[in-house]
Amino acid sequence: QVQLVESGGGLVQAGGSLRLSCAASESIFSILPSGWHRQAPGKPREMVAVITSGGSTNYADSVKGRFTISRDNTKNTVHLQMNSLKPEDTAVYYCNVRGTLGGTYYNYWGQGTQVTVSS
């Protein structure tokens, strides 16, 4: 069972920056794709950014050019640098590790960290 622990959320003014971090308890993290998703009140959870074990990335259109996802496979961590934050970025952000390895499907979520952007 992989445990994911997020940190770095908080309250920031519009235009500010935050850096989210997610630490995984197992080294399998370094093999599987990982990403960040978010859920605002009354809205479905949505993908923000994902990164493969090799470093390929994909972003939601709403965050392209403002957010950067990165990972350190030696430390089993994934980060989300969020710049030029907007009030509409306010949500609970969740770390996710998901993929198939050796015929087994893995899908783990962190507990979430609140990001609030004030106008």
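Me: How many helices and how many strands does the chain have?
Reply: In this predicted model, local features need pLDDT of at least 70 and side-chain atom pairs count only at pLDDT 80 or more, while totals for chains, interfaces and linings use all residues. Residues are numbered from 1 along each chain as its sequence is written, and side-chain values use heavy atoms, with hydrogens and water left out. Helices (H or I, at least four residues) and strands (E, at least two) are DSSP runs numbered from the N terminus, and on that basis the chain has zero helices and 11 strands.

Me: What is the radius of gyration of the chain, and why is the chain called as compact as a globular protein of that length?
Reply: The radius is taken over C-alpha atoms, and the globule rule is 2.2 Å times the number of residues to the power 0.38. For 119 residues that rule gives 14 Å, and the chain comes close to this value, so it is as compact as a globular protein of that length, with a radius of gyration of 14 Å.

Me: Which residues touch the most other members of the largest nonpolar core?
Reply: Such a core is a set of buried Ala, Val, Leu, Ile, Met, Phe, Trp, Tyr and Cys residues joined through side-chain atoms within 4.5 Å, where buried means under 20% relative accessible area, exposed over 50% and partly exposed in between (1.4 Å probe, protein chains only). The largest one holds 31 residues, and those touching the most other members are Trp36, Leu80, Met82 and Tyr93.

Me: Which residues is leucine 80 in contact with, leaving aside its neighbours within four places in sequence?
Reply: Contact means heavy atoms within 4.5 Å. With the sequence neighbours set aside, the partners of leucine 80 are Leu18, Arg19, Leu20, Trp36, Val48, Ala49, Phe67, Thr68, Ile69 and Tyr93.

Me: Is isoleucine 28 buried or exposed?
Reply: Isoleucine 28 lies in the loop between E3 and strand E4 (34-39), and beyond four places in sequence it is in contact with Val2, Leu101 and Tyr106. Its relative accessible area is 15%, so isoleucine 28 is buried.

Me: Is serine 119 buried or exposed?
Reply: Serine 119 is found in the segment after E11, where, not counting residues up to four places away in sequence, it touches Ala14 and Pro87. Its relative accessible area is 88%, so serine 119 is exposed.
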